[in-house]
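Let's take a friendly walk through the chain contacts of this model, with the cut-offs spelled out along the way.

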Amino acid sequence: MSVTPEDIEKVALLARLSISESELPEVTERFSKVLDLVDELNTINTDGVVPMSNPHDMTQRLRADTVTSHTAREALMASAPAQASGYFLVPKVID
Amino acid sequence: MADSDVLNASVSDLQRMLSARAISSEELVKTCLGQIEAENDALNAVITLCGDQALSDAREADQVLSRGDGKPLTGIPLLHKDIFCTKGVRTTCGSHMLETFEPAYDATVVARLKAAGTVTLGKCNMDEFAMGSSNETSFFGAVKNPWDLDCVPGGSSGGSAAALAAGFAPLVTGTDTGGSIRQPASLCGITGLKPTYGRVSRLGIIAFASSLDQAGPMARSAEDCAHMLTAMSGIDAGDSTSADRAVPDFAAALNGKIEGLRIGIPREYFNDALNPKVRERIMAALSQLEKAGAQLIDIDLPHTHYAIATYYVIAPAEASANLARYDGVRFGHRCDDPIDLEDLYLRSRSEGFGEEVQRRILVGTYALSSGFYDAYFNKAQQVRRIIADDFHRAFETVDVIAGPSAPNVAFQCGTKQQDPVAMYMEDIYTLAVNLAGLPGLSTPAGLINGMPVGLQLIGKAFDEATILNTAHRLQQDTDWHTYRPNFGTFQS
Amino acid sequence: MSWEMVMGLEVHLQLATQSKIFSGSATQFGAEPNCQADPVDLGMPGMLPVLNEEAVRHAVKFGLGIGATIGERSVFDRKNYFYPDLPKGYQVSQFFAPIVCEGVFEVPMADGSLLPIRITRAHLEEDAGKSVHDIFPRETGIDLNRAGTPLLEIVTEPDFRTAEQAVAYLKALHSLVTYLGISDGNMAEGSMRCDINISLRERGTDALGTRTEIKNVNSFRFVERAIHVECERQADILDDGGRITQETRLYDAEQNVTRSMRSKEVANDYRYFPEPDLLPIEIDAAYIEAVRATLPELPGAKRERFVSDYGLSEYDATLLIPNHAMASFFEAVVNHCHAAKPAANWILGDLLGALNRSDIAIEKSPISAQQLAGLINRIEDGTLSSKLAKQVFDAMWEGLGEADEIIESRELKQVSDTGALETMVAEVIAANPDQVAQYLAADEVKRKKLSGFFVGQIMKASQGQANPKLLNQLLLEKLAAQS
């Protein structure tokens, strides 16, 4: 299956990556090569095979409902690129 | 004692010296730091040093040793791949995105190795977000192979492998999502083990592909790896996928006895992709094992071929979600003067991530997107089970599976960067092991034109002991693991 | 054109746990920004989720509460989208295999009937943080305290046809989850938030029209209003021959309008896939039975019992049931006085009135159930007239003690002594000959009215303590004897 530059732009938007006009042809070409590689999956019959999400068929352990984290806000926000009054800041979002 | 002896010594030897007070941990750490200072410019294997902290930790270890309270790893210097979060020490994952990120926490592996008495010297370069097989995708520049500075060390734990081979430290940590411990171990002539998925906690390890990632030891011998694995392993309440399995003393279990061991040789691992000279070395290693009493049995892993396609759907898909948190809001790179939220996202991420990382995010996003989920992601998860079943079936008749770790010796820098698919082929023999969640190990199998070759040993789930013991026997019968690169201190 | 509304509801219910669904941070409402967000909640590199057992138990309780099937094996999935209050860039939710599968919830309507609503599913997920738009002039502030609070998202089939049904469902749901103790249901604090999927179709047809989704409506009243205005908006468009755009809308309570959410304009593709950091939750029969054994009596059963055992009207039962504390209060009163109907009347009348005026929850009522029962006992045994009872009630509200103490100290006992009453009647008749004459001259109807004068005079003389029933009887006898 081949992809078009438009497909790549759509996927890039979903992934919040910006690809410049000049890069687009090469990105598309290399992406297509990877896609050709993975398209081999279509040549194998998987009828009735249960998808495997995790290597061992283990089940989820549960944690007791107790408060164990005592947040040090200053330490955790030390690496924040923009903050004020204890809030992380982003450009104004309008709903 | 000459520095080169110390820089060549095994952990067991160093521990004997430390216990006998023939050398102090502080001296050992100084020697390692000196070696890094002298040789790192040529290799670019280490990107962050914590010299002062290391010396202070070493002095503390010396106190413990002088009280006679030393454990097998007390006072032993170590380098971490820069994918392990280290409290208060910059953790970059080889990315511009995290160039200045200082975690407020230690990864469980870091904490456990610290508790075992090791002394952290610094952090090793790596492929960006562990995505690469040549250590050329790092934001901090490519790592060079100490065996030949024009060649790659492999990846993604290439900095770790190169550092160890160059004598920077006797132990290094790595992570392996599709071969990232075994392939660089093979290309740098060291021993590296990817444990069973779930054996080692992933908490605090920057995620690439959650269902495949596993941390493991890289060292000069199987025995050293065994010591380190014992310290790293075990259930962690903070990682739901860590296994509730007893952790044996892997080093104590090494007896070198492999008489009657059934070693499966998968036909599919000796295909056209394999360099014939590598094949020769692997066959030589296998006959050594046979000589030691093991039984070689031809087996089939019929769906091996599909491992690459399967891996390059699942790993990018999981990565596309794992890397969504790097959005310029709470930590990590943020673009200058974003005009609005979308601008903030788009520019921060495009500036922060390199080309290979962006490509995998795109592939993963595509594979999960509406209309393609069934054809790609779900299909890949089904094929994953088929591949895992191949192994389960094989392990009904054999105890260990053996083959090459990589199809070639280290290749020239820059030769595969332009062709992602050619690069992906480097992991052809290692990917399936991650898909099945099994333990795999690479041990040196001699040289081809002065460049190392690695033999891969694959074990049953949670049976690291058997592959470590097999490698240990090989290392008793051969001296391949003692070969050192003709580099710096080791120059003849 | 006559339009029929078709609605389905999605309720996001915050589960009452001490810690978050995947981290050990506290869940309390109203903390300083980002003070209840640990590295897991902040989505920091390398952090991993571990599931809170209480969240699972609460979800199972809910499933059992509506008689739904519990998923033997439920799985968490990642729902991928970018938003600044979603720290990881994905929400951990359940898409392919939810913990609670189909069920039917019977909603009591005002007329006493039960409206069956089909529950499609209920799944566990993590709440997002909050975006604060009104503190900073040019920026939006992000507070991640709420991120990771356990949510149960309860989804219905499109079974609602009126706003009244939707509100009745929400009230019944609120009642159920507070009975179960799995949520405080506090809508003002966002513990229970409602998304309304709404479309119109020509009455009598089956096909579903294009729907809009109104997000995050946070009170019963707003739900009702939002439905009405959105219905009108859609009807206007359709009447004009227009088409409805499928979109997410927000209800603006101040303007009483719904408006399109601009931030949701980019079409989302959530790319759900199984969360690899968590493993499947397996729930076996033994676990389910153990949880079932802890379930309290639920509103439906309690309503039936109140009607059959206590002889309450459906109406009274329906008023008492929704608030678990009120139902319990009622039962406590009845335990002490064995007069169910008066107990219901007092609780729903004077007590509720007083509580509402003072904005006090019934759990904190200044008059205890035992005290109220004491008062009712004195009415039942004839000690107090209803008028006196109100005085005692007021005194108890002021904290002046038990009914008997107040009766005693204020000498409020109703005079039922025939001799004493006869004397009073005789005195009043003797003192008012004109009125007696008028009375005797009047017909039956007028007599009834005129007797009130004498009752008033006697009550005044007895300071209100005359037993009114006895007084009436004696008075009529005496007056009749005058002729």
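Within chain A, helix 3 has the lowest mean pLDDT of the elements (91) and strand 3 of chain A the highest (97); pLDDT is the predictor's confidence in each residue, from 0 to 100. Helices (H or I, at least four residues) and strands (E, at least two) are DSSP runs, numbered from the N terminus. Over the whole of chain A the average pLDDT is 92, and 97% of the residues score at least 70.

A word on conventions: this is a predicted model, in which local features need pLDDT of at least 70, side-chain atom pairs count only at pLDDT 80 or more, and totals for chains, interfaces and linings use all residues. Residues are numbered from 1 along each chain as its sequence is written, chains are lettered from A and ligands numbered from 1 in the order in which they are written, and side-chain values use heavy atoms, with hydrogens and water left out.

Contact means heavy atoms within 4.5 Å. Buried area is the accessible area (1.4 Å probe) that two parts lose on being put together, summed over both. A salt bridge is a side-chain nitrogen of Lys or Arg within 4 Å of a carboxyl oxygen of Asp or Glu.

| Interface | Residues in contact | Buried area | Salt bridges |
|---|---|---|---|
| Chain A and chain B | 49 residues of chain A, 72 residues of chain B | about 5,300 Å² | 2 salt bridges |
| Chain A and chain C | 35 residues of chain A, 56 residues of chain C | about 3,900 Å² | 0 salt bridges |

On the chain B side, carbon and sulfur atoms give 66% of the buried area. A:Arg30, A:Leu41 and A:Met52 lose the most area in chain A, together 14% of what that side buries. A salt bridge joins the side chains of A:Arg16 and B:Glu342, at 2.9 Å from N to O. Helix 1, helix 2 (24–38) and strand 3 of chain A each give two or more residues to this side, and helix 2 of chain A gives the most, with 8 residues.

Towards chain C, 59% of the buried area is on carbon and sulfur atoms. The largest share of chain A's side, 5 residues, comes from strand 3 of chain A. Strand 1 of chain A also pairs in the parallel sense with strand 2 (residues 51–52) of chain C, over 2 bridges; strands pair if DSSP finds at least two bridges between them. A:Leu62 has C:Leu51 as its bridge partner there.
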